[in-house]
Amino acid sequence: MAFTLLHHIFCACIILSFGFGQAKFGFIKKLGFINRLPTIYVDPSGHGNFRTIQSAIDSIPSNNSEWICIYIKAAEYREQVTIPQDKPFIYLKGEGKRKTSVVWDAHGSITTSATFTSEADNIVAKSITFRNSYNNPPTSNNQVTVAVAAWILGDKSAFYRCGFLGFQDTLWDHQGRHYFKLCTIEGSVDFIFGAGQSIYERSSLSVISKSKNGGIGVITAQGRATKDEPNGFIFKDCNVFGTVPTYLGRPWRDYARVVFYNSTFSDIVAPEGWDIWNSGGRENQIMFAEYGCKGSGSNNTGRVSWEMKLDQKTLSTLTSMNFIDSEGWMKAQPFNMLA
Ligand SMILES: *[C@@H]1O[C@H](CO)[C@@H](O)[C@H](O)[C@H]1NC(C)=O
Ligand SMILES: *[C@@H]1O[C@H](CO)[C@@H](O)[C@H](O)[C@H]1NC(C)=O
Ligand SMILES: *[C@@H]1O[C@H](CO)[C@@H](O)[C@H](O)[C@H]1NC(C)=O
């Protein structure tokens, strides 16, 4: 229905309004609009502009400076997808996180295994799942090793209703300011890791394992390396659940910062809450905190002694949207996804 309407209105105005010429977009006759953005359609059956997501990205000119939507029809796309650094202002829109998914199964290295790599600033994705199928779902005969589903290293990037599914090192929230809302993130070991400066809101964190007694999971491995770095992972109104006991996190670097705020924990959260990993002796530099959490896993009687108690001022600084967006980049994105 939407497609049909779009086909009726597209042609005259797109060239006038957006100035995309035939030279840049040979397929211009099929461009439409989503949220009033010029839109490229990906459809594996051949009814769109491209059959693969990467070929749609490749068609966008280097140094792109206007928002453009890539609309990705419901399907499982078997490809590794990269948005290179010189292609900012791309909005990837799927048809639902259970309907549109990108799947690959590379593993063994964090820098080559990602199913989806986002290097550019100003990227938005909505209603799409990125999965690394190596050990997701868990397969007992595969050894456990890194297998990244998404590697996010651009600044000012936002993800709404997205899935990130893997086992070890699922989501490399590497660097830059990021917002995740209503997402599902699944894994077993260090499955949200890196030195991103990120707020995760109303998202589900699902801890899986190869077996019921398959050790203990670790949700986060945050990588803040010095006390001057602004990064950290803030979880607001999130849900933690799964099938095995888990730590909320362990420090990947010596100034790791992770806060769970007003979140709900099932009984899988280990009483200690956190693990010190390789930062023994430097507990006072680690900022791991919980505030206002609920559920059977939130009883903090048995927590590690070095879990930090945050004062109200620090708490409100870290949990406010200003933590990632003091300059208003989210509002400057040409569509309101915050609602
Ligand atoms: C893109 O911008 C960079 C930096 O300004 C420039 O060096 C490069 O030549 C540009 N590329 C194209 C294809 O215009
Ligand atoms: C806490 O989370 C619940 C949802 O679980 C939400 O309705 C409520 O507004 C949140 N409260 C605060 C103070 O953020
Ligand atoms: C929290 O755990 C402690 C130790 O297991 C227990 O004594 C206490 O009753 C628990 N509190 C709640 C509110 O369940």
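The shell around ligand 2 holds 1 nonpolar, 1 polar and 2 charged residues. Here Ala, Val, Leu, Ile, Met, Phe, Trp, Tyr, Cys and Pro count as nonpolar, Asp, Glu, Lys and Arg as charged, and the others, Gly among them, as polar.

Colleague: What should I know before I start?

Modeller: This is a predicted model, where local features need pLDDT of at least 70, side-chain atom pairs count only at pLDDT 80 or more, and totals for chains, interfaces and linings use all residues. Residues are numbered from 1 along each chain as its sequence is written, chains are lettered from A and ligands numbered from 1 in the order in which they are written, and side-chain values use heavy atoms, with hydrogens and water left out.

Colleague: Which residues are around ligand 2?

Modeller: A residue is near a molecule if one of its heavy atoms lies within 4 Å of it. For ligand 2 these are Asp-237, Tyr-261, Asn-262 and Lys-294. An oxygen atom of ligand 2 lies 2.3 Å from a side-chain N or O atom of Asn-262. For the side chain of Asp-237, the distance from a ligand 2 oxygen to an N or O atom is 3.4 Å.

Colleague: How many disulfides are in the whole structure?

Modeller: A disulfide is a pair of cysteine sulfur atoms within 2.5 Å. The search finds 0. Take Cys-238: the nearest cysteine sulfur belongs to Cys-183, 9.3 Å away. For Cys-293, the nearest is that of Cys-238, also at 9.3 Å.

Colleague: Is Cys-238 buried or exposed?

Modeller: Buried means under 20% relative accessible area, exposed over 50%, partly exposed in between (1.4 Å probe, protein chains only). Cys-238 is buried, at 1%. Cys-293 is buried too, at 17%.

Colleague: Where is Tyr-71 found?

Modeller: Strands are DSSP runs (E, at least two residues), numbered from the N terminus. Tyr-71 is in strand 3, residues 68-72. Tyr-71 counts as buried, because its relative accessibility is 12%. Its side chain joins that of Glu-95 in a 2.7 Å contact between polar atoms.

Colleague: What is the strand order in the open sheet?

Modeller: Strands of a sheet pair through backbone hydrogen bonds, either parallel or antiparallel. Two strands pair if DSSP finds at least two bridges between them. This open sheet has 8 strands, ordered 4-7-10-13-16-19-22-25, with parallel pairing. Strand 4 (75-78) and strand 25 (264-265) are the edges, each pairing on one side only. Strand 13 (163-165) and strand 16 (184-187) run parallel, joined by 3 bridges. Phe-164 stands opposite Ile-185 in strand 16.

Note on methods: Polar contact = N/O pair within 3.5 Å; in protein donor to acceptor, adjacent residues only side chain to side chain. Helix = DSSP H or I, 4+ residues; strand = E, 2+ residues; numbered from the N terminus.
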